[in-house]
Amino acid sequence: MRAKNRGHGLGVPARSHTGSLKAPSIVTPSLKKWYCFSHTKPARPAADTAAARRSASGNLERILQCASTVRDRGSFARSTAKGIFNRSGGISMRIVLAMLLGLQLFSTAHAEQSLTFVSWGGSTQAAQTRAWSEPFTQQTGIRVEQAGPTDYAAFKAMVENGKVTWDVVDVEADFALRAGREGLLEPLDFKQIAKRTIDPRFVTIYGAGSFYFSFILGYNTKVLASEPQDWAALFDTGAYPGKRALYKWPSPGVLEIALLADGVAADKLYPLDLDRAFRKLDSIKGDIAWWGSGDESQQLLSSGTAGLGMFWNGRVNALRDQGAPVGINWQQNLVTGDFLVIPRGAPNANAARAFIAHATSPKAQADFSSLTGYAPVNLSASALVDPKLAESQPSAHKAGQITLDFKYWSLNGERIAERWYAWQAAKN
């Protein structure tokens, strides 16, 4: 997955985050070879062997830089060595062989490079592997090892103990903001990552959006006699008896839903009135079926264990595509998102930055969106998604949409979590 190369002509090299020259975003092998040759000057005949070696050494460094952009490194090495030998006149076969050996060592090291990507598992991580990781490896030779699920306590412990084994981690938006403020993250490189093409809600110096989604009101059409119209239906046990599914973790979503159902206007949600929110939740506490993962939420809804509830839009879309008797109400859908971040001290931080650059590029975002139903953070990606698929994504349901306040949660989340867990543990 290639870093974006904005603002550079074909013959003007961009600079990577390390400051070294790299080839422009050229897609054909012939143009890649042209770039390498145009930036590798032939060594001129030298008066003595030492000067020839110095000249050849400079060429070798440039050749090795260029070689990483060419897939067939073996044929490139042979053609490059042949051209330089014929043109230089002052380079011995020993130097040419040394150049080829250095190129082989470089190729081997590059091929063995890897990074570790951590996400939430399930269908989401499977789609990230297919849309991002596999193409990235094909384009760069860098293997992407999959790990997970994301664990914030483990993340923080790794960084604080200086024993980081993760390179790129998919995290929730509020954690990304808090972790950046607490010094737990590596800064991104916006020479590689095209910041201006990313939805500004989902990019900071320490994180770039992975995707965004909505909490929607989902329901089972066989269990309910009528379609619920808004979040107030979750709290109407007379009209909609039975269990209702809610996300069990203390993060943006549940408290906002409780306040909206209690009549709070969307533009008056923050700061959250916690007393009022928990009073509203008290009214249905005995009827809540908690879910902590996407798989759990799907099981609750498709089985009819919960007739309605709050769900990630992509999970309900997937059930509907599979023929399950489910429906979606998009009224006041609540937007939140995930970020891709690099833990401070990550062992492969440079490769991680390149991976994020690719994962946030238009095609990679569109491919993931097409596989999951979640919305792309790249502003150019929606045009690449099939219009029929796009209809079931948050970007097509902006009327009445509410973006949750990630910054508020990043500042107050830990305090809210203490009260949240105490409330959950208390008897009705």
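This is a predicted model: local features need pLDDT of at least 70, side-chain atom pairs count only at pLDDT 80 or more; totals for chains, interfaces and linings use all residues.
Visitor: What is a pocket here?
Guide: On a 1 Å grid over the protein atoms alone, a pocket is an open set of points where a 1.4 Å probe fits, with protein on both sides within 12 Å along at least five of seven lines; lining residues have an atom within 4 Å of a point.

Visitor: Which residues lie nearest the centre of the second largest pocket?
Guide: Trp-120, Tyr-152, Glu-172, Tyr-247 and Trp-249 do, out of 40 lining residues.

Visitor: And which helix gives the most to that lining?
Guide: Helix 7 does, with five residues.

Visitor: How many residues of helix 7 are buried?
Guide: Seven of the nine residues in helix 7 (residues 173–181) are buried, meaning under 20% relative accessible area with a 1.4 Å probe, protein chains only. Among them are Phe-175 and Arg-178. The buried residues pack against helix 6 (152–161), strand 5 (168–172), strand 11 and helix 15, where contact means heavy atoms within 4.5 Å.

Visitor: What follows helix 7?
Guide: Gly-183 follows, and its phi is positive, near 80 degrees.

Visitor: Moving on, how many residues of helix 8 are buried?
Guide: In helix 8 (residues 254–261), eight of eight are buried, including Glu-256. Their cover includes strand 8 (243–247), helix 9 (274–282) and strand 10 (306–312). Just after helix 8, Gly-263 takes a positive phi of about 100 degrees.

Visitor: Why is strand 10 largely enclosed by the rest of the structure?
Guide: Strand 10 is largely enclosed because seven of its seven residues are buried.

Visitor: Which way does strand 7 run against strand 10, parallel or antiparallel?
Guide: Strand 7 (residues 207–220) and strand 10 run antiparallel, joined by five bridges; two strands pair if DSSP finds at least two bridges between them. Tyr-219 stands opposite Leu-308 of strand 10.

Visitor: How many bridges join strand 8 to strand 10?
Guide: Three bridges join them, and these two strands run parallel. Lys-243 has Ala-306 in strand 10 as its bridge partner.

Key:
Residues are numbered from 1 along each chain as its sequence is written. Side-chain values use heavy atoms; hydrogens and water are left out. Buried means under 20% relative accessible area, exposed over 50%, partly exposed in between (1.4 Å probe, protein chains only). Helices (H or I, at least four residues) and strands (E, at least two) are DSSP runs, numbered from the N terminus.
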